[in-house]
Amino acid sequence: MTLIVTGGAGFIGANFIFYMLSIYPDMRVVCVDCLTYAGNLSTLASVMGKANFRFVKISITDQKSIGKLFEEEKPDIVVNFAAESHVDRSIENPSVFLETNIIGTQVLLDAARQWGVKRYHQVSTDEVYGDLPLDNPNLFFTEETPLHASSPYSASKASADLLCLAYYRTFDLPLTISRCSNNYGPYHFPEKLIPLMIANALNDQPLPVYGQGLNVRDWLYVEDHCAAIDLIIRKGREGEVYNVGGHNEMRNIDIVKLICKELGKPESLITYVSDRKGHDMRYAIDPTKIHEELGWLPKTKFSDGIRLTIKWYLDNRSWWEEIISGEYKNYYERMYGGRQ
Ligand code: NAD
Ligand code: DAU
């Protein structure tokens with residue numbers, strides 16, 4: 001059994017590789033990643049020496065190299081995590097999002113067709129549904145909710161989903177799609193809310209909360225997402241979309257205050273800054289389908305997951321300190337410098 005994992009040097013892809021190798025120790029896992037700013041080879045250090053693991057530095061947009069790799073490896077399963085993933089960066093510069101998230105997906109779908117892959121899985125996001133209002137807590141995203149993307153990032157992910165469904169219908173390519181809510185956990189790149197707040201709080205730096213901090217996200221511990229994908233690729237029905245989320249809605253401001261409390265830092269570090277353009281108000285997943293069809297339920301309660309995550313950032317300072325002391329400084333200055 002050979003599994004290709006694209007984007008495996010990033011946050012969720014790396015956690016998925018660890019998850020799969022821990023429960024299927026004999027599976028051959030090939031990680032494809034072109035190591036953008038978000039990809040980090042050191043994250044994969046613990047699996048790099050394994051005989052059944054291979055890392056290949058190529059872009060999913062590079063049709064020739066992807067074709068050659070599929071010819072060599074003849075993968076049974078492909079799971080596509082590779083993407084530009086940060087909404088704020090997509091607002092700053094959309095074009096690379098279209099290139100990677102749409103064209104990259106098309107290159108992988110074509111290779112999967114050509115080489116007879118048994119299952120292609122597209123890792124998508126709840127952001128393709130747009131957002132929900134704050135004043136109706138009984139509304140949730142189901143798999144039938146119309147696509148209504150708000151940012152260039154989510155529009156590119158929605159486009160990729162449509163391409164996948166078209167390849168299923170037109171070419172019978174055996175594929176599945178998962179649309180997951182916000183993940184958190186180890187190896188989360190420090191540009192995202194939770195790791196950014198942990199890193200800034202540990203460095204006694206301002207904690208930049210967009211708008212009033214009232215936006216709601218539905219947080220899921222990354223390992224629970226990995227378990228859901230494993231189930232979908234083994235037991236999910238071809239051509240189907242599965243929403244993944246654990247009914248754990250939290251306001252941004254409450255997350256930031258919780259991080260301050262856990263780290264013993266003062267809430268006076270919290271700084272309200274101008275809002276993200278087009279900022280989605282609320283995401284909330286209805287996970288009934290994956291629960292009823294595949295028996296998936298999240299295992300990690302938020303109160304445990306956030307402590308595990310904070311502990312990981314405390315125990316692995318060198319991992320994120322190296323990131324935030326490099327090119328990230330320029331990004332941070334562009335995004336937050338003088339922002340009021
Ligand atoms: P990430 O930004 O941490 O990692 C992305 C990885 O993809 C990096 O290793 C990067 O080097 C690689 N990559 C980027 N462009 C590439 C290319 N052209 N070719 C090969 N590799 C490339 O992202 P993440 O948070 O781990 O998200 C992974 C996937 O999960 C994405 O598709 C994202 O849309 C989806 N997703 C993320 C979340 C979340 O909360 N983070 C939730 C739902 C879905
Ligand atoms: O819902 C799934 C999505 O979750 C994934 O598809 C994306 O790849 C992932 O990045 C994430 O998107 P969000 O935009 O929800 O995540 P982010 O961590 O960027 O922001 C979470 C919330 O926190 C959002 O409402 C914006 C706010 N925020 C974020 C940052 C970085 C702040 O208030 N301050 C910040 O500095």
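**Reading a pocket and a core**

Guide: In this predicted model, helix 13 supplies the largest share of the lining of the second largest pocket, four residues.

Visitor: How much space lies in the second largest pocket?

Guide: About 290 Å³.

Visitor: Which residues should I look at to find its centre?

Guide: The lining has 16 residues, and the closest to the centre are Asn200, Gln205, Pro206, Tyr332 and Tyr336. Two or more lining residues come from each of helix 7, strand 13 and helix 13.

Visitor: How do the lining residues divide into nonpolar, polar and charged?

Guide: Ten are nonpolar, four polar and two charged.

Visitor: Now the interior. What do nonpolar side chains tend to do in soluble globular proteins?

Guide: They tend to be buried together. Here the largest nonpolar core has 38 residues, and Ile194, Ile198, Leu207 and Ile259 have the most contacts inside it. Its elements with two or more residues are helix 7 (193-202), strand 8 (207-210), helix 9 (252-263), strand 13 (270-273), helix 11 (302-315), helix 12 (317-324) and helix 13 (328-336).

Visitor: Which element gives the most to this core?

Guide: Helix 7, with seven residues.

Visitor: Take Leu207 as an example. What is Leu207 in contact with, leaving aside neighbours within four places in sequence?

Guide: Leu207 is in contact with Met197, Asn200, Ala201, Val256, Cys260, Leu269, Ile270 and Thr271. Asn200 is also one of the residues closest to the centre of the second largest pocket.

Key:
Residues are numbered from 1 along each chain as its sequence is written. Chains are lettered from A and ligands numbered from 1 in the order in which they are written. This is a predicted model: local features need pLDDT of at least 70, side-chain atom pairs count only at pLDDT 80 or more; totals for chains, interfaces and linings use all residues. Side-chain values use heavy atoms; hydrogens and water are left out. A nonpolar core is a set of buried Ala, Val, Leu, Ile, Met, Phe, Trp, Tyr and Cys residues joined through side-chain atoms within 4.5 Å. Buried means under 20% relative accessible area, exposed over 50%, partly exposed in between (1.4 Å probe, protein chains only). Contact means heavy atoms within 4.5 Å. On a 1 Å grid over the protein atoms alone, a cavity is a set of points where a 1.4 Å probe fits but cannot get out, and a pocket is an open set with protein on both sides within 12 Å along at least five of seven lines; lining residues have an atom within 4 Å of a point. Grid points are joined across faces, edges and corners, and a volume is the space filled by probe spheres set on the points. Ala, Val, Leu, Ile, Met, Phe, Trp, Tyr, Cys and Pro count as nonpolar, Asp, Glu, Lys and Arg as charged, and the others, Gly among them, as polar.
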